[in-house]
Amino acid sequence: MTTATTEDFHFLQQFLLDRSAIVLSEEKHYLVETRLLPVVQRAGVGSIGELVRAIRRGDRDVEVAVVDAMTTNETSWFRDAAPFEALRKIVLPEVIAANVVRRKLSIWSAACSTGQELYSVAMILDAEFSEVASWKLDLHGTDLSTTVVDKARSGHFTALEINRGLPASHLVRYFRHEGGHYVIADALRSKVRFELFNLAKPWPPMQDYDIILLRNVLIYFDVATKAKVLEEAKAHLRPSGYLLLGTAESPRGLVEGFHSMPAGGTTIYRKEGA
Ligand SMILES: C[S@@+](CC[C@H](N)C(=O)[O-])C[C@H]1O[C@@H](n2cnc3c(N)ncnc32)[C@H](O)[C@@H]1O
């Protein structure tokens, strides 16, 4: 009952592509089963086939649950270290200097998962860039998945999640322990905002950012979608703004107009044409 027929798999492949641009290759058949079994149980239906029928009927709750379950939300604090070192040493000092007169800074974590990426940036700003404490900061996190956006907003993390990359000093400084969870301090949480946003759909009119973190999400898209998303990200960067990608991601061959800068074991991308 938990196995997906070939027809179910092909339906789900197309459904996921339409909704999220996530490409589910043939060898990911197993992933449909492991990820959708909990959805089958929660929805109180008997099989993946019944989930498929619910989607065909337009059951919105099942649609959202299936997309949520099929996203990979792997993340951690200060993930990969090097991009955060580049933020500290190069990107933030430069964009802060460029914004001294405006006294504004806008940073977008554009596939934020449960929020660790954006909260890590907020901690760096708070701990190491006191000169922006009185500026207008817009620290924005977005994701396709409602489950992760809700969790990011809640600021509640388990001990296991905390153990993935958070320095002990930051645990003491930015969390309280409450009901078996670690909860982000209100002072930090009030500096960030989280919303749903689907990178693969046409982007609505929106503000520009000084820094966009678009990390570990392009890997799930096909080439045409990667190129489209990178073009949009470039269009929403301020002059000389920075784009940070995941280790396995690059704009090379997909979009023009970024200057690649090696930075301590990673590469960062500055928008050209300041
Ligand atoms: C592997 S996580 C990366 C999280 C974080 N950026 C990091 O590097 O640790 C990928 C995230 O991309 C989100 N995602 C997948 N497709 C998306 C889309 N079309 N629009 C927005 N977010 C998407 C997933 O929900 C997931 O939370």
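Author: Two strands are said to pair if DSSP finds at least two bridges between them, and strands (E, at least two residues) and helices (H or I, at least four) are DSSP runs numbered from the N terminus. The model is a predicted one, in which local features need pLDDT of at least 70, side-chain atom pairs count only at pLDDT 80 or more, and totals for chains, interfaces and linings use all residues. Residues are numbered from 1 along each chain as its sequence is written.

The sheet is open and has seven strands in the order β6-β2-β1-β7-β8-β10-β9, with mixed pairing. Its edge strands, β6 (192–196) and β9 (258–263), each pair on one side only, and the twist from one strand to the next averages 20°, where axes are lines fitted to C-alpha atoms, for helices over the stretch in contact, and angles run from 0 to 180 degrees between N-to-C directions.

Within this sheet, strands β7 (residues 209–214) and β8 (residues 237–245) run parallel and are joined by five bridges; Ile211 has Tyr242 in β8 as its bridge partner.

Helix α6 (residues 116–128) touches β1 (104–109), β2 (136–143), β6 and β7, and its direction makes about 165° with that of β2. Helix α11 (residues 223–235), for its part, touches β7, β8, β9 and β10 (266–271), with its direction at about 140° to that of β8.

Note on methods: Contact = placed C-beta atoms within 7 Å.
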